[in-house]
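Welcome, and thanks for taking a look.

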Amino acid sequence: QVQVVESGGGLVQPGGSLRLSCVASASIELYPMGWFRRAPGSQREFVAAITTTGLSTDYGDSVKGRFTISRDNALKTVYLQMDFLKPEDTALYYCNGIRWSTKVPLFDSWGRGAQVTVFS
């Protein structure tokens with residue numbers, strides 16, 4: 001079972017940027033990968049997904065045009081570049097494998113997540 005560790009979260013003002021990283025314990029080259037987030041009192045939300053080769057990506061409507069997902073299979077790492085951050089982006093961000101057609105998580109194991117807080 002692949003395990004992941006997220007990092008790169010922090011405090012940022014609206015309009016700012018952060019880059020999250022997700023390092024896996026084993027090869028991820030066979031898996032589409034994705035980012036999800038959960039805000040306090042809310043359900044988990046799909047944020048972004050990337051195919052095994054990185055040639056195709058998909059984004060949740062609320063982050064399109066602002067976030068960019070990428071991956072480096074040799075480093076077993078997935079990234080999420082977040083620009084033009086808004087207060088409503090405040091959440092705990094997780095990465096996981098993802099089922100491309102349904103955008104649901106693939107792995108049973110979750111990391112601790114990376115906290116992103118956008119404040120005025």
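The notes below start with the basis of the values and then go topic by topic.

This is a predicted model, in which local features need pLDDT of at least 70 and side-chain atom pairs count only at pLDDT 80 or more, while totals for chains, interfaces and linings use all residues. Residues are numbered from 1 along each chain as its sequence is written, and side-chain values use heavy atoms, with hydrogens and water left out.

**The lysine K103**

- K103 sits in the loop between β9 (91–99) and β10 (104–105); strands are DSSP runs of E with at least two residues, numbered from the N terminus.
- Is K103 buried or exposed? Its relative accessible area is 16%, so K103 counts as buried (buried is under 20%, exposed over 50%, partly exposed in between, with a 1.4 Å probe and protein chains only).
- Its side chain makes a polar contact with the side chain of D58 at 3.4 Å (a pair of N or O atoms within 3.5 Å, one able to donate a hydrogen and the other to accept it; residues adjacent in sequence count only if both atoms are side-chain atoms).
- The K103 side chain also reaches the backbone oxygen of W100, at 2.4 Å.
- Neighbours within four places in sequence aside, K103 is in contact (heavy atoms within 4.5 Å) with F36, F46, A49, D58 and I98.

**Aromatic pairs**

- Rings of Phe, Tyr and Trp (its six-membered ring) pair if their centres lie within 6.5 Å; planes under 30 degrees apart are stacked, over 60 edge-to-face, and the rest tilted.
- The count by this rule is four aromatic pairs.
- Y31 and F107 form an edge-to-face pair, because their planes stand at 90 degrees, with the ring centres 5.1 Å apart.
- This pair links distant parts of the chain, 76 residues apart: Y31 is in the loop between β3 (18–24) and β4 (33–38), and F107 in the loop between β10 and β11 (114–118).
- Y31 is partly exposed at 29%, whereas F107 is buried at 6%.
- F36 and W110 are edge-to-face too, with centres 5.8 Å apart and planes at 75 degrees.
- F36 belongs to strand β4 and W110 to the loop between β10 and β11, so this pair ties together parts 74 residues apart in sequence.
- F36 is buried at 2%, while W110 is partly exposed at 31%.
- Ring pairs join F36, F46, Y94 and W110 into a cluster.

**Charges over rings**

- The charged end of R19 sits over the ring of Y79, 4.0 Å from its centre (NZ of Lys or CZ of Arg within 6 Å of the ring centre and within 35 degrees of the ring normal).
- R44 has its charged end over the ring of F36, 5.8 Å from the ring centre.

How values were computed
Helix = DSSP H or I, 4+ residues; strand = E, 2+ residues; numbered from the N terminus.
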